[in-house]
Amino acid sequence: MLLSGCGVAQFATCAPHTKEEGAPTRNWVECFHQPASHAGISHSVYCLNEDAAKPPVLLLHELTGLTPGTLAYAEELSKDFTVYVPLLFGEKGRFSPSGGLLAYWGTAEWTPPQEGSMPMVNWLRGVVRDIGARHPRQRVGVIGNCMTGPLPIALLDNPQVGAAVVAQPALPMRFWFYTDEDKASLGLSGDDLRSARSSTAQIYGLRFETDCMADRTKLRTLREQFGDRFLNGEIPAREYQLEGKPTNAHSTLIGSWKTQAQDGRASRDARERVRTFLLQQLTETRAGG
């Protein structure tokens with residue numbers, strides 16, 4: 001990648017410099033026996049292929065790819081949910097930020113059109129339909145992270161999607177520079193937002209208070225767009241900056257998670273809040289649901 005762009009420079013400056021923890025212990029296999037094909041796009045979707053009685057959750061990986069830490073988080077979620085994990089770019093089980101940058105800037109799948117939705121959103125809509133067919137009487141939850149952070153919003157056009165988690169949304173990603181409009185944007189089309197507003201699903205947003213990749217104004221945009229349906233889960237700096245020491249913190253659910261370390265407690269707590277949110281939204285009977 002060329003490193004002269006201000007957008008890339010911001011990524012290099014803001015990205016945490018700690019090693020991701022966690023590794024899968026179970027066999028994640030193709031859910032549908034072959035890559036899922038929708039809207040002219042094919043990608044693998046992995047799961048444990050267990051009993052589908054648990055509420056379904058679609059977990060979208062970060063810019064760093066379908067990393068071991070992501071699969072480990074999926075296993076944690078699988079205690080309560082039937083988890084589906086698409087491989088959107090890169091290789092399964094490999095940490096590769098460059099793969100995400102190349103996919104976003106170098107493929108048509110992530111290019112937003114003048115109208116409608118980006119191709120990746122249309123493919124994910126097909127995956128949600130596949131999941132819904134496996135869980136015909138259950139609501140579906142979707143978790144987005146970083147580069148995929150805002151995408152659960154676009155999937156709210158499907159009435160079966162009953163909950164969206166928007167973790168450190170980082171779209172749009174600019175190569176050269178970010179305008180104030182970019183900082184407030186979710187990187188979705190007007191059509192995506194209009195469809196999402198017709199949903200009744202709750203939206204839980206997360207970011208670290210000092211995160212400079214997912215600007216605070218993005219959560220403000222979620223509040224403006226969705227009102228009381230949006231729950232703000234911003235993590236205060238005092239919960240992760242030990243003794244007030246500045247730290248680059250971005251990945252709320254995966255990259256900053258630590259098994260025991262005190263500086264990973266904020267992420268462990270965030271995971272528990274997400275778990276509780278999803279259980280409430282996907283399993284409790286709601287009026288009209």
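Okay, quick ground rules. What you see is a predicted model, where local features need pLDDT of at least 70 and side-chain atom pairs count only at pLDDT 80 or more, while totals for chains, interfaces and linings use all residues. Residues are numbered from 1 along each chain as its sequence is written, and side-chain values use heavy atoms, with hydrogens and water left out.

Let's start with the sheet. Helices (H or I, at least four residues) and strands (E, at least two) are DSSP runs, numbered from the N terminus. Two strands pair if DSSP finds at least two bridges between them. Here we have an open sheet of 8 strands, in the order 1-4-6-5-7-8-9-10, and the pairing is mixed. Strand 1 (29-30) and strand 10 (230-232) sit at the edges with a single partner strand each, so one side of each has no neighbour in the sheet. As a reminder, strands of a sheet pair through backbone hydrogen bonds, either parallel or antiparallel.

Now strand 6. How many of its residues are buried? Buried means under 20% relative accessible area, exposed is over 50%, and partly exposed is in between, using a 1.4 Å probe and protein chains only. The answer is 5 of 5, so to speak a mostly covered strand. Thr 82, Tyr 84 and Pro 86 point one way, Val 83 and Val 85 point the other way, and all are buried. On one pairing, strand 4 and strand 6 run antiparallel with 2 bridges, and Val 45 has Pro 86 as its bridge partner. Strand 5 pairs with strand 6 too, in the parallel sense over 3 bridges, with Pro 56 opposite Thr 82.

What lies across these strands? Helix 2 (residues 68-77) lies across strand 5 (56-59), strand 6 (82-86) and strand 7 (140-145), at about 170° to strand 5. For the angles, axes are lines fitted to C-alpha atoms, for helices over the stretch in contact, and angles run from 0 to 180 degrees between N-to-C directions. Contact itself means heavy atoms within 4.5 Å. Helix 2 is largely enclosed by the rest of the structure, because 8 of its 10 residues are buried. Its cover includes strand 5, strand 6, strand 7 and helix 9. Helix 9 (residues 265-283) lies across strands 5, 7, 8, 9 and 10, at about 165° to strand 8.

Next, the cores. A nonpolar core is a set of buried Ala, Val, Leu, Ile, Met, Phe, Trp, Tyr and Cys residues joined through side-chain atoms within 4.5 Å. The largest one here has 49 residues, and those touching the most other members are Leu 58, Trp 110, Trp 123, Leu 124, Met 147, Leu 151 and Ile 153. Which helix gives the most to this core? Helix 4, with 7 residues. Apart from this core lies another, of 33 residues, among them Phe 81, Val 83, Ile 235 and Ala 266.

Cys 31 and Cys 47 are the pair, S to S 2.4 Å. Cys 31 is in the loop between strand 1 and strand 2 (36-38) and Cys 47 is in strand 4 (residues 45-47), so the pair ties together parts 16 residues apart in sequence. Both Cys 31 and Cys 47 are buried.

Asn 122, in helix 4 (residues 119-134), counts as partly exposed because its relative accessibility is 29%. Beyond four places in sequence, Asn 122 touches Ala 39 and Ser 117. Ser 189 is in the loop between helix 6 (180-184) and helix 7, and counts as buried at 14% relative accessibility. Leaving aside neighbours within four places, Ser 189 is in contact with Gly 116 and Ser 117. Thanks, that's my tour.

Notes:
Disulfide = S-S within 2.5 Å.
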